[in-house]
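Here is a guided look at one protein chain, written for someone who likes to know the cut-offs behind each term. Please keep the viewer open as you read.

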Amino acid sequence: MRSDPATSAAPLRGLGGPLRSSEPVCSARATSAAALLLEEAADFLVVHLDFPAALRTCERAWQGLAEEPAGASLEVKCSLCVVGIQALAEMDRWREVLSWVLQYYQIPEKLPPKVLELCVLLYSKMQEPGAMLDAVTAWLRDPDNQGLPEYRTLAELHLQRVLFPLGCLSEAEELVVGSAAFTEEQRLEALQAISVARQQQKHRHCDSEEAQKLNQEASPHSLPFLYKLAQIFHRIREAMSSVCQLPIHD
């Protein structure tokens, strides 16, 4: 049973629009079938809360699009990923998300901006930003992505949700200085934030070294020789006292 089109199907309108004259008829059939499966997957996800079924339906739709040209059905493919990501997260299989989307796009540089954004937000929320470090870095460095309107948003997200939490301040500085996506004002604000974070990192490092030094000074291995000797004599006296208290038999 399908859900009310006003609920789950509303975001999917327009995905199966009229074909351009250059597109083959088989592409139209594959796209139309995938769009129907996308609607079905969205129903499983939102209405029935059947997350395994939603994921399986997305994967079936992807199989039908496997032979499609790279530029075909971009919106359908992206939407399938969005539904699949949500289904995996609901099943507490969020660690599989990045590998799941990469099996369809092969390399991070080809991920749609919306899919990459969702991945960053998910892993950040689960306090595993390091899982996205290499993927987002590769995506941002790709020349084909640098002209996209979403580039600045993803660069800022990378700074806030990945690089800063990981303490990758040199990488953050390189991104801010080397990217044309930031305005001069944004660049200055970001560099100031990096400077503050670097000072905090330095203070934490100094505090950690001081605490380690104090622990070493308090450790028995670093006590003066005379104090160690006193401990040995104290143990000998205790042993002698125990011997003297033993009963003597004729």
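## Ground rules and overall fold

Helices (H or I, at least four residues) and strands (E, at least two) are DSSP runs here, numbered from the N terminus. This is a predicted model, in which local features need pLDDT of at least 70 and side-chain atom pairs count only at pLDDT 80 or more, while totals for chains, interfaces and linings use all residues. Residues are numbered from 1 along each chain as its sequence is written, and side-chain values use heavy atoms, with hydrogens and water left out.

With those rules, the protein chain has eleven helices and zero strands, and its pattern along the sequence reads α-α-α-α-α-α-α-α-α-α-α. Of its 250 residues, 35% count as buried; buried means under 20% relative accessible area, exposed over 50%, and partly exposed in between (1.4 Å probe, protein chains only). A contact means heavy atoms within 4.5 Å. Among contacts in the chain between residues at least 6 apart in sequence, 58% join residues at least 24 apart.

## Aromatic pairs around W62

Rings of Phe, Tyr and Trp (its six-membered ring) pair if their centres lie within 6.5 Å; planes under 30 degrees apart count as stacked, over 60 as edge-to-face and the rest as tilted. By this rule the count comes to five aromatic pairs. One of them joins W62 and Y104, which are stacked, with 4.3 Å from centre to centre and 10° between the planes. W62 sits in helix α3 (residues 51–65) and Y104 in helix α5 (residues 97–105), so this pair ties together parts that are 42 residues apart in sequence. Both W62 and Y104 are buried.

How do the rings of W62 and Y105 lie relative to each other, stacked or edge-to-face? Their centres are 5.6 Å apart and their planes stand at 80°, so the pair is edge-to-face. Since W62 belongs to α3 and Y105 to α5, the pair ties together parts 43 residues apart in sequence. W62 has a relative accessible area of 5%, so it is buried, and Y105 is buried as well, with 12%. Ring pairs link W62, W100, Y104 and Y105 into a cluster.

## How α3 and α5 pack

Two packed helices are described by the angle between their axes and the distance between the axes. In this report, axes are lines fitted to C-alpha atoms, for helices over the stretch in contact, and angles run from 0 to 180 degrees between N-to-C directions. Helices α3 and α5 pack at an angle of about 15°, with their axes 11 Å apart. They are therefore roughly parallel to each other (angles under 35 degrees count as roughly parallel, over 145 as roughly antiparallel, 65 to 115 as roughly perpendicular and the rest as oblique).

The crossing of α3 and α5 is left-handed, a label used if the near helix is turned anticlockwise from the far one by less than a right angle, with right-handed used if clockwise. L55, C58, E59 and W62 of α3 make the contact with W100, Y104 and Y105 of α5. By class, the contact has six nonpolar, no polar and one charged residues. Here Ala, Val, Leu, Ile, Met, Phe, Trp, Tyr, Cys and Pro count as nonpolar, Asp, Glu, Lys and Arg as charged, and the others, Gly among them, as polar.

Helix α3 also holds R60, which counts as partly exposed at 46% relative accessibility. Leaving aside residues up to four places away in sequence, R60 touches L37 and E40. R60 and L37 are 23 residues apart in sequence and 7.7 Å apart in space, C-alpha to C-alpha.

## How α7 and α8 pack

The axes of helix α7 (residues 133–141) and helix α8 (residues 151–166) come within 11 Å and cross at roughly 150°, which makes α7 roughly antiparallel to α8. The crossing of this pair is left-handed.

On the α7 side, the contact is made by L133, V136, T137, W139 and L140; on the α8 side, by Y151, L154, A155, H158, V162, L163 and L166. By class, that contact has ten nonpolar, two polar and no charged residues.

## Two loop residues with positive phi

Most residues other than glycine have a negative phi. Q106, although not a glycine, has a positive phi of about 70°. Q106 is found in the loop between α5 and α6 (113–125), and it is exposed, with a relative accessible area of 57%.

Q127 has a positive phi too, near 60°. Q127 lies in the loop between α6 and α7 and counts as exposed at 66% relative accessibility.
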